[in-house]
Amino acid sequence: MTLLSLSNVGVSFGATELFKNVTFTVADGERWGIIGRNGAGKSSIFKLITGDMQPTVGSVARKPGLRHALLDQHRAFEGATTVWEAGAAAWRDVVALEKRIAQQAIELGELGEKVTDEFLERFGHDQERFADLGGYIYHARVDAVLQGLGFDAEESKTRPVATLSGGERGRVGLAAQLIAPADLLLLDEPTNHLDLDTTTWLQEWLHDANETVIVVSHDRAFMDAICTNILHVEGRTSEAYKGNYSEFVPQRAERRLTREREMEKQRAYVKKEEEYIRRNIAGVNSFQAKGKRKRLERLPRLAPPPGDPAAMSLRFEVAERGGDQVIAIDDLRVEVPPDRVLVDDFSAVLRRNDFVALVGPNGAGKSSFISTIIGDRAPASGSTRIGGSITPAWFRQDLADLPLRKSMFDAIQDQRPLWSRGQVQNHLGAYGFSGEEVFREIGTLSGGERARMALALMTLARANLLILDEPTNHLDVENIEALEDALDEYEGSVLLVSHDRAFLREVATRVWWFEGAHLRDFDGPFVEWEADRARR
């Protein structure tokens, strides 16, 4: 059964065209992944689906009565005082009915033989309606989803919403979306606030759920696990593909190759016909030449395959080789007030050319551990030492070290005062910033633009130790792959925090993983650690 279809849809804002000719059909049970560069219009497609935006051209058709669930970006959880209530937000009417039935049951006991037929009829009607609305299953559903996303279901019934961190609010918002009764789930970057375990749980939940899913994501492993179809938004239009992300990649390459061949074939045909027309337009074969000219004028010209601006072109160079011992850690203990132990009794040596993945659940203490080993905070006990000739560069998850009040141009010039204007612009151009755009204030940039700017500054350090804390969070797939390529060529060492499994599988040669307050050292690539963990 078709739930939704977009036919030749286009969206324009005045003279600016966002996209055109977007066509795809979503059937019941399908799970679509929408991918494309930042700013390509993926979120606008969601707005078209929900009806919050109308297309400039084309049409959007929905099954009558289609219920959708979309993550509330504001995460205000209005009316909810506890985490459990926030998760059950879509069941507010059922909760109210449940309370009314409980009150009626008390009244029934008090009335005894004085109970009226009207009261019993109303009581029975409310019970039937409660059952029809799913009242006997929603408790288990709320508990299961909250538990799966890393919350204690019982504690959630008393924990105030006001105590949630930003990442926890994101997970509660996602829980509310999964719990809501819906025919269509619209998920916008659902794995951004999830760790490896909760991402795996979400994959399994979506795979087993009855809802149809449309997800915008840059997490390739996640899309591989759940998607049955891919919509690629590129070059102000889109194309639909069958299969998951890994199946999409060769299909896209094949389609591009086919189109390029067809264009070359048409180009050769047109050139041949034009040459005939030029030679014969005034001669004895002028009648045939004029006929060929008319046919050429009517010939629809094939367009080149759609394309977006190129991804980043970054390169991490090292100023000097550095020693073989990059970081030495001895009996390290990391604590945060009041007396919470994050890491206890950890000893390890990060060696030259190690690419270490630091993995663990949200809140385990990964950022605090990093701050400790590079000397930004004191250890509770033990020691850490950065090796001789080691120069670290730190990509912070919150991008807090960016000079927000400076322009991009000035921020680069501060690091390279002898560079000419052209050299600064060329450097920023490699990260997707061109023309007068380089004079924009950094504080006005989007999350993805700030991430690219942070990388543009980081490469200037020519560091032989890169500390990357969630570097892919704000990057689209093409730029994540560009980052992978740059790390593949890098000759230094890397300490990497990420929940992007495809990224970790590509780059990590060693894993430090949290098991409670203990860090374990797995001396092998991430893919082998995954297999070993699954066996255990």
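Because the model is predicted, local features need pLDDT of at least 70 and side-chain atom pairs count only at pLDDT 80 or more, whereas totals for chains, interfaces and linings use all residues. Residues are numbered from 1 along each chain as its sequence is written, and side-chain values use heavy atoms, with hydrogens and water left out.

The protein has 18 helices and 18 strands, where helices (H or I, at least four residues) and strands (E, at least two) are DSSP runs numbered from the N terminus. Its C-alpha atoms fill a box of roughly 115 × 70 × 45 Å, taken along the principal axes. Of the 536 residues, 46% are buried, a term that stands for under 20% relative accessible area, with exposed meaning over 50% and partly exposed in between (1.4 Å probe, protein chains only). Among contacts (heavy atoms within 4.5 Å) with a separation of 6 or more, 68% join residues 24 or more positions apart.

The positive patch gathers Lys-290, Arg-293, Lys-294, Arg-295 and Arg-298; Lys-290 lies in helix H11, which covers residues 286-298, and is partly exposed, with a relative accessible area of 43%. The negative patch is formed by Asp-485, Asp-488, Glu-489, Glu-491 and Glu-506, and helix H16 (residues 477-489) gives the most to it, with 3 residues.

Arg-252 is buried yet has no salt bridge, and the nearest side chain of opposite charge, that of Glu-478, is 4.3 Å away; a salt bridge would require a side-chain nitrogen of Lys or Arg within 4 Å of a carboxyl oxygen of Asp or Glu. Leaving aside neighbours within four places in sequence, Arg-252 is in contact with His-232, Tyr-241 and Glu-478.

The backbone also has local features to inspect. The peptide bond from Pro-337 to Pro-338 is cis, with omega near -5°, and Pro-338 sits in the loop between strand E10 (325-336) and strand E11 (340-351). Asn-21, although not a glycine, has a positive phi of about 55°; this residue lies in strand E2 (residues 16-27) and counts as partly exposed at 42% relative accessibility. Glu-189, also not a glycine, has a positive phi of about 50° and is found in the loop between strand E6 (184-188) and helix H8 (196-208).

How values were computed: Patch = residues over 30% accessible without salt bridge, like charges linked within 9 Å, V, L, I, M, F, W, Y side chains within 5 Å. Areas by Shrake-Rupley, 256 points an atom, 1.4 Å probe, with all protein chains shown as cover. Lys, Arg positive; Asp, Glu negative; His and termini not counted. Charge placed at Lys NZ, Arg CZ, Asp CG, Glu CD.
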